[in-house]
Amino acid sequence: MIRTEAAPNANSGDDAVMLGALGILAYVASMMTHEALGHGAVCVAAGGRNVMLSGWAEGCSLDPLPLGITAAGPAVQFGAGLLAWLALRRMAPGGFVLQRSFAWLYMVFNLFISSGYLAFSGVTDFGDGAVMIAGLSPRWLWRTLLVIVGAVAYYLSMWAALRELRRILGGDGGKRLRRFLWIPYLAAGLLACCAGALNRTMAPGVALGLAAASSFGAGFGMLCLPQLPHRPAITSALPGSYIRRSVAWVVAAIVVGAGFVLVLGPGIGARPQ
């Protein structure tokens, strides 16, 4: 007699709606870490007040604007990504796959957007990085340094992201890995572009470009993780537990996503350009 047992997760998988919801929540949290917590909180701490806030910009009443406020956006965002990474590293393998997945996506968006932003600023001479090196010469050298530092930080962030991803998915790969990466990536990108299309704080098309760059552009490294050479072996991989749908998380994503598109998309305190 041959005994046959069904695999515990047979005919099941990560819920696509939940993956999209996690991508939306993590992206919005990351951008607000940059704009509201980074630029905005430091503006208030420096004695100013926030006069405008959108998904990709913050206006401070201080004039001239202290350099620390400009640097605070990407610095706080990258620091939050490191903290999320450290928190994931301290979690013992097993359970809480939903929470771990959100923390992983939050970590990835923070690290990828902030480091990618530095490289982007060096290439385009636009954004926080360009403002931080204003007045420094030779300009080409400082722009080159921005590109190098941003690119190195981005690549190292990809390795850190891959290690933690292995601890979440365990030995699972293939189709599950692609779904886990693609669905949050697309959900965040579509949300960002919808919000950027409604923006009233920048010249037409600028916010949409920044929205696409901060989501589809910066997040592209997620899709490249399976192709990293010499991928590290994870000995403490999690068992293959799947992400189940949670009404509370889905409702939160709907509310947060709607607020991001309809309120932060156009911009709070916005003046039409």
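This report describes the fold, the disulfide, the aromatic pairs, the surface patch and the salt bridges of a predicted model.

## Basis of the description

The model is predicted, so local features need pLDDT of at least 70 and side-chain atom pairs count only at pLDDT 80 or more, while totals for chains, interfaces and linings use all residues. Residues are numbered from 1 along each chain as its sequence is written, and side-chain values use heavy atoms, with hydrogens and water left out.

## Overall fold

The chain contains nine helices and two strands; these elements are DSSP runs numbered from the N terminus, with helices (H or I) of at least four residues and strands (E) of at least two. In sequence order the pattern is α-β-β-α-α-α-α-α-α-α-α. Of the 273 residues in the chain, 48% are buried. Here buried means under 20% relative accessible area, exposed means over 50%, and partly exposed lies in between (1.4 Å probe, protein chains only).

Strand S1 (residues 50–53) pairs with S2 in the antiparallel sense over three bridges; strands pair if DSSP finds at least two bridges between them. The two strands form a hairpin, with four residues between them. Within this pairing, Leu53 stands opposite Glu58 in S2.

## Cysteines

The structure holds one disulfide, a term that denotes a pair of cysteine sulfur atoms within 2.5 Å. It is formed by Cys43 and Cys60, whose sulfur atoms are 2.1 Å apart. This pair links distant parts of the chain, since Cys43 lies in helix H1 (residues 16–45) and Cys60 in strand S2 (residues 58–60), 17 residues apart. The torsion about the S-S bond of Cys43 and Cys60 is about 85°, so the disulfide is right-handed. Both Cys43 and Cys60 are buried.

For Cys193, the closest cysteine sulfur is that of Cys194, at 7.3 Å, which is too far for a bond. Cys194 is partly exposed, at 47% relative accessibility.

## Aromatic pairs

Twelve aromatic pairs are found in a search of the whole structure. Rings of Phe, Tyr and Trp (its six-membered ring) pair if their centres lie within 6.5 Å; planes under 30 degrees apart count as stacked, over 60 as edge-to-face and the rest as tilted. Tyr155 is partly exposed at 40% relative accessibility, and Trp159 is partly exposed at 22%.

Another edge-to-face pair joins Trp182 and Tyr185, with ring centres 5.9 Å apart and planes at 85°. These residues are three apart in helix H6 (residues 175–197), again about one helical turn. Trp182 is partly exposed, with a relative accessible area of 41%, whereas Tyr185 is buried at 7%. Ring pairs also link Tyr27, Trp56, Phe109 and Phe260 into a cluster.

## Nonpolar surface patch

A nonpolar patch on the surface is formed by Leu136, Trp140, Leu141, Trp142, Leu145, Ile148, Val152, Tyr155 and Leu156, with about 850 Å² of accessible area together. Patch residues have over 30% relative accessible area and no salt bridge; like charges are joined within 9 Å, and nonpolar side chains (Val, Leu, Ile, Met, Phe, Trp, Tyr) within 5 Å. Accessible areas come from the Shrake-Rupley method with a 1.4 Å probe, and for residues only the protein chains shown count as cover. Leu145 is located in helix H5 and is partly exposed, with a relative accessible area of 37%.

## Salt bridges

The whole structure contains five salt bridges, each being a side-chain nitrogen of Lys or Arg within 4 Å of a carboxyl oxygen of Asp or Glu. Arg176 bridges to Asp14, with the closest N and O atoms 2.6 Å apart. Arg176 belongs to helix H6 and Asp14 to the segment before H1, 162 residues apart. Both Arg176 and Asp14 are buried.

Arg245 forms a salt bridge with Asp15, the closest N and O atoms being 3.0 Å apart. Arg245 lies in the loop between helix H8 (220–224) and helix H9 (247–264), and Asp15 in the segment before H1, so the pair ties together parts 230 residues apart in sequence. Arg245 is exposed at 53% relative accessible area, whereas Asp15 is buried at 18%.
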